[in-house]
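Here is a walk through one protein chain, taken a region at a time. Keep the sequence and the 3D view side by side as you read.

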Amino acid sequence: MQTIKLNNGVEMPQLGFGVYQIPLTETAEAVYQAIKAGYRLIDTASVYGNEKETGEGIKRAIHEGLVTREELFVTSKLFILQAPEAKAAETIEQSLNAMGLHYLDLYLIHQPYGDVYGAWRAMVAAQNSGKLRAIGVSNFKSAKMIEFVGLNEVKPQINQIEVNPWNQRVEDQEWHEKYGVQMEAWAPFAEGHHDLFTNPVLAEIGEQYGKSVGQVVLRWLMQRGIVALAKSVRPERMAENIDIFDFELSEEDFEKISALDMKESAFFDHDAPQQVEWFMNRMLDTEK
Ligand SMILES: NC(=O)c1ccc[n+]([C@@H]2O[C@H](COP(=O)([O-])OP(=O)(O)OC[C@H]3O[C@@H](n4cnc5c(N)ncnc54)[C@H](OP(=O)(O)O)[C@@H]3O)[C@@H](O)[C@H]2O)c1
């Protein structure tokens, strides 16, 4: 698996497997199958409610000798509620306990709300004590990322944000490169929005190489130097999505994909009042 070196020297796989929206009863099996298919980067979050099941899939894969713990790169995230410093420290412990792991390879502040500075201090402390190998943020717009880098001694290793052919984040990538923060793409397929999997431009590009639309999209992210997370509960798609290291998109392919950029989220704006209201309700739900 191709790797990317983060600003603290830690190397992470460039392609990973995400477990958002996988039903609880299927999560452990999906994680196990993904590891079997060759994925080494696994992405979950406390708010997904499936850290325990993700840990079970990992445990089974290690137990069966498919992989060692050191070969895996496991990510989780802290949601808004848990942001105050003491609570953040507690949440990191909860994530570790739920997953049955002694350390996580990456921990992220899930949303740019709440006491992100307090949360960050707790995460830096956990990094210093060896519980978290890398730390970062998620859904930070470039302006917020720049402020966060400027006001902290330890800068984030990662910002996990939406990146897909409809929302390409080209200027954001330049800002991230300038500040040394690695971009990681969530929803690389835009969860299929705007008929991504049957898009004629992407399909035609894929035909040249005998590759599917999904493979073209992930390859495009790899060539841009972005870490990408793909989710599928189907082993045949897990295998398809990881089979992207034997072809190369041309400059002409890149130009065609550039023309698809709508420069807006395929889902929602993280700053929209309705969205922030939803986050706050979600925060109260997780408190219950
Ligand atoms: N930080 C954040 O706020 C945030 C937000 C969203 C997601 N994420 C992370 O990013 C990961 C990926 O994003 P996502 O799950 O939202 O969306 P995604 O990976 O863009 O899309 C997943 C969807 O695509 C389908 N699919 C996957 N491979 C396919 C293929 N080769 N052909 C056709 N359909 C295919 C899947 O269906 P099947 O499962 O039926 O195959 C599923 O419906 C998440 O799992 C999560 O770890 C983070």
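By class, the second largest pocket is lined by five nonpolar, six polar and nine charged residues. Keep in mind that this is a predicted model. The volume of this pocket is about 450 Å³. Its lining counts 20 residues, and Asn167, Arg169, Asp172, Lys263 and Glu264 are the closest to its centre. Which elements supply at least two lining residues each? They are strand E8 (158–162) and helix H6 (170–179). H6 gives the largest share, three residues.

Asp172 belongs to helix H6. Is Asp172 buried or exposed? Its relative accessibility is 18%, so Asp172 counts as buried. The cut-off for buried is under 20%. Leaving aside residues up to four places away in sequence, Asp172 touches Ser142 and Met183.

Move on to the largest pocket. It holds about 940 Å³ of space. Its lining is made of 40 residues. Nearest the centre lie Tyr20, Gln21, Ala187, Glu191 and Lys231. By class, 18 lining residues are nonpolar, 14 are polar and eight are charged. Helix H8 (213–223), strand E10 (227–230), helix H9 (235–242) and helix H11 (273–287) each supply at least two lining residues. Which of these gives the most? That is H11, with four residues.

In the UniProt record, an unreviewed entry, the annotation "active site" covers Tyr48. Where is Tyr48 found? Look in the loop between strand E4 (41–43) and helix H2 (51–63). Tyr48 touches Val19, Tyr20, Asp43, Lys77 and His110, with residues up to four places away in sequence not counted. Tyr20, one of these contacts, is also among the residues nearest the centre of the largest pocket.

Why is H8 described as largely enclosed by the rest of the structure? The reason is that 10 of its 11 residues are buried. Among them are Val213, Gly214, Gln215, Arg219 and Trp220. What do the buried residues of H8 pack against? Their partners include strand E3 (15–18), strand E9 (182–186) and helix H7 (200–209). E10, H9 and helix H10 (251–258) are partners too. Just after H8 comes Gly225, with a positive phi of about 80 degrees.

Another glycine deserves a look. Gly118 sits in helix H4 (residues 116–128). Gly118 has 0% relative accessibility, so it counts as buried. Now find Pro84, which is 34 residues from Gly118 along the chain. The C-alpha atoms of Gly118 and Pro84 are separated by 5.4 Å.

Finish with the nonpolar cores. The largest nonpolar core has 68 residues. Phe17 and Ile109 have the most contacts inside it. A second, separate core has 12 residues, including Ile4, Met12, Leu41 and Leu106. Look back at E3, which spans 15–18 and packs against buried residues of H8.

Methods
Residues are numbered from 1 along each chain as its sequence is written. This is a predicted model: local features need pLDDT of at least 70, side-chain atom pairs count only at pLDDT 80 or more; totals for chains, interfaces and linings use all residues. Side-chain values use heavy atoms; hydrogens and water are left out. A nonpolar core is a set of buried Ala, Val, Leu, Ile, Met, Phe, Trp, Tyr and Cys residues joined through side-chain atoms within 4.5 Å. Buried means under 20% relative accessible area, exposed over 50%, partly exposed in between (1.4 Å probe, protein chains only). On a 1 Å grid over the protein atoms alone, a cavity is a set of points where a 1.4 Å probe fits but cannot get out, and a pocket is an open set with protein on both sides within 12 Å along at least five of seven lines; lining residues have an atom within 4 Å of a point. Grid points are joined across faces, edges and corners, and a volume is the space filled by probe spheres set on the points. Ala, Val, Leu, Ile, Met, Phe, Trp, Tyr, Cys and Pro count as nonpolar, Asp, Glu, Lys and Arg as charged, and the others, Gly among them, as polar. UniProt positions are given in the numbering used here, feature names are shortened, and annotations may be inferred rather than shown by experiment. Contact means heavy atoms within 4.5 Å.
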